[in-house]
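Please keep the sequence and the 3D view at hand while reading.

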Amino acid sequence: MNMKEELIIAGFGGQGVLSMGKILAYSGIMQDKEVTWMPSYGPEMRGGTANVTVIISDKRISSPILQWCDTAIVLNQQSMDKFEPMVKKGGVLLYDPNGISRHPTRKDIHVYSIHAVDLANKLEMSKVFNMVVLGAYLKVKPILEKENVINGLKKSLPERYHNMIPINEKAIDVGMQNVKEVK
Amino acid sequence: MAEKLLKKGNEAIALAAIRYGADGYFGYPITPQSEVMETLMEEMPWETTGMVVLQAESETSSINMLYGGACCGKKVMTSSSSPGISLMCEGISYMAGAELPCLVVNVIRGGPGLGTIQPAQGDYFQAVKGGGHGDYKVIVLAPASVQEMYDFVGLAFDLAFKYRTPVMILSDGAIGQMMEKVELREPVRRLTDQEIAEKYGNWATVGKQPHRHGNIISSLSLEASEMEEINLRLQAKYQTIRENEVRYETLLCDDAEYMLVAFGSSARICESTVETARAKGIKMGLLRPITLFPFPEKAIQQFLPQLKGMMSVELNSGQMVEDVRLAVNGKVPVEFYGRMGGSIFSPEEVFNAFSEKFNL
């Protein structure tokens, strides 16, 4: 069975949405997959919302532009409004309830929550917020080996930040342990 | 095994320029292609290969720096996006007239005017039909992946020197900004001045030696009969290019009853449309022109007997569709679907447009 995961990550600029997508894409390369990372690079990058489409596949990737996605990772309200309807029936929506006033309502998809902001603050490292989310995602969708994710992280972080790998790894674990399905 | 990196299309252009032995890059920043020069500045090739990277004061200046470099037989290139390319068109015409090799990369954004920074394909006519003045053509390559952004830099330089002509890579904001796996090829070393004199000494201005005539490079010839001779020579060259350099890719065309024609990022989107159509039992195929000039007319014509309909899919108001219709010459209905101004269609949107136009 060929694996193909079409994923949208969306939130505020500065939350690490694009870099989380980049780490996932690099992890895919480490696992010998085909990958595409397509950012929104419009005026929204200059403040406001940011989103990225990541496709990881065993086969050559066709369209980088999606009408529907297998998974949406949603980190702010605007993104919830925009991307909840885009999840395929039976697909996954993962979100951080922090700052969300209208929770997901669809019953034909699997909804998961991760309190990533709170958990990252507990680690006294708010910057690894996106890695907590990444961990939660990898728990729900174990498409990549953790070893490859760590290697992907090494590839996408400049070497001067490699001392931060252990705390990032910890954040991934915390995410994996704390993600919950919302029924 | 070659190293595999995750890179943006724009970054791949820059890495390829260094590794294919470019002598100089001259450019001026503009979204969505600024990463080309940014990456070159980060890589600092002047310390390794000796390649010059220079931010000019304008696009007009960049293209004329290319003219100067190319006169000396150097491998020179620039990159820009739509409004910047418009400024360069005068220089491109001069280089075509003076038969100078160079690479110009256009990462198209929505127009006209300053337009928007989102992807579009509205510069097809400009690239393929002229852009600047006079009867000239440039070879136009349309990459559809980050790997092709990388590979076509090498191909473009080879073609530019083989035919002594400007070559354009016609990309867009989507291919420029997205990241994919890119495999770096074996590096090609820059030529030494001695090697350039030996290879291109018959035309390049490499310093006059006592034993031969000096070379003069110019696009000016005030005598009409001489100018006509030059034009005839150029047209003969373009004919040779039409005969030898057509490149295209087909997807599921062998048994196709319907065919989409699309290039660059549109072609990527249409690949998914073809998958959707096939899943519904519709025999659809995709023909992707890789060279926009020379246009793959014969490639299209070979499929006409089996086709019930075709649709050209572009991020513009319908430009390449004219070349498709010229190739088809009325034998098969040719429809068009497009979006403009930086808006992109999804694979399903293309499928719906197709179903509507052919009543399926």
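Which residues in helix 13 of chain B are buried? In this predicted model, the buried residues of helix 13 of chain B are Pro347(B), Val350(B), Phe351(B) and Phe354(B). Viewed down the axis of helix 13 of chain B, these buried residues fall within an arc of 100°, so they line one face of the helix. Just after helix 13 of chain B, the backbone at Asn359(B) takes a positive phi of about 50°.

**The two chains as a whole**

Among the contacts in chain B between residues at least 6 apart in sequence, 78% join residues at least 24 apart, while in chain A residues 24 or more positions apart account for 59% of the contacts with a separation of 6 or more.

**Domains of chain B**

Chain B is divided into domain 1 (4-183) and domain 2 (249-357), and the centres of these two domains, taken over C-alpha atoms, are separated by 26 Å. Across the boundary, 25 residues of domain 1 of chain B are in contact with 21 residues of domain 2 of chain B. On the domain 1 side, the elements that give two or more residues are helix 5 (124-129), strand 6 (139-141), strand 7 (166-172) and helix 7 of chain B, and the largest share, 4 residues, comes from helix 5 of chain B. By class, this side of domain 1 has 16 nonpolar, 6 polar and 3 charged residues.

From the N terminus on, the elements of chain A run β-α-β-β-β-α-β-β-α-α-α-α-β. Strand 5 (residues 87-95) of chain A runs parallel to strand 6 of chain A, to which 4 bridges join it, and here Tyr95(A) has Ser113(A) in strand 6 as its bridge partner. Strand 6 of chain A also pairs with strand 7 (residues 180-182) of chain A, in the antiparallel sense and over 3 bridges, with Lys180(A) in strand 7 as the bridge partner of Ser113(A).

Is Tyr112(A) buried or exposed? Tyr112(A), which lies in strand 6 (residues 110-113) of chain A, is buried because 20 other C-beta atoms lie within 10 Å, and the cut-off for a buried residue is 20 or more. Leaving aside neighbours within four places in sequence, Tyr112(A) is in contact with Val92(A), Leu94(A), Ala136(A), Val140(A), Val179(A), Lys180(A), Glu181(A) and Val182(A). The C-alpha atoms of Tyr112(A) and Val182(A) are separated by 5.3 Å, although these residues are 70 residues apart along the chain.

**Where the chains meet**

How many residues of chain B are in contact with chain A? There are 20 such residues of chain B, and they are in contact with 18 residues of chain A. The elements of chain B that give two or more residues to this side are strand 1 (4-8), helix 7 (173-177), strand 8 (179-183), helix 10 (264-279) and helix 13 (347-357). Helix 10 of chain B gives the largest share, 5 residues, and the residues on this side of chain B divide into 9 nonpolar, 4 polar and 7 charged. Strand pairing also crosses from chain to chain, in that 2 bridges join strand 2 (residues 34-39) of chain A to strand 8 of chain B, the two strands running antiparallel. Within strand 8 of chain B, Met179(B) stands opposite Trp37(A).

Terms used. Residues are numbered from 1 along each chain as its sequence is written. Chains are lettered from A and ligands numbered from 1 in the order in which they are written. This is a predicted model: local features need pLDDT of at least 70, side-chain atom pairs count only at pLDDT 80 or more; totals for chains, interfaces and linings use all residues. Two residues are in contact if their C-beta atoms, placed from the backbone, lie within 7 Å. Ala, Val, Leu, Ile, Met, Phe, Trp, Tyr, Cys and Pro count as nonpolar, Asp, Glu, Lys and Arg as charged, and the others, Gly among them, as polar. Two strands pair if DSSP finds at least two bridges between them. A residue is buried if 20 or more other C-beta atoms lie within 10 Å of its own, exposed if 12 or fewer, and partly exposed in between; C-beta atoms are placed from the backbone. The arc is that of the directions from the helix axis to the C-beta atoms. Domain bounds come from an automatic or database domain assignment.
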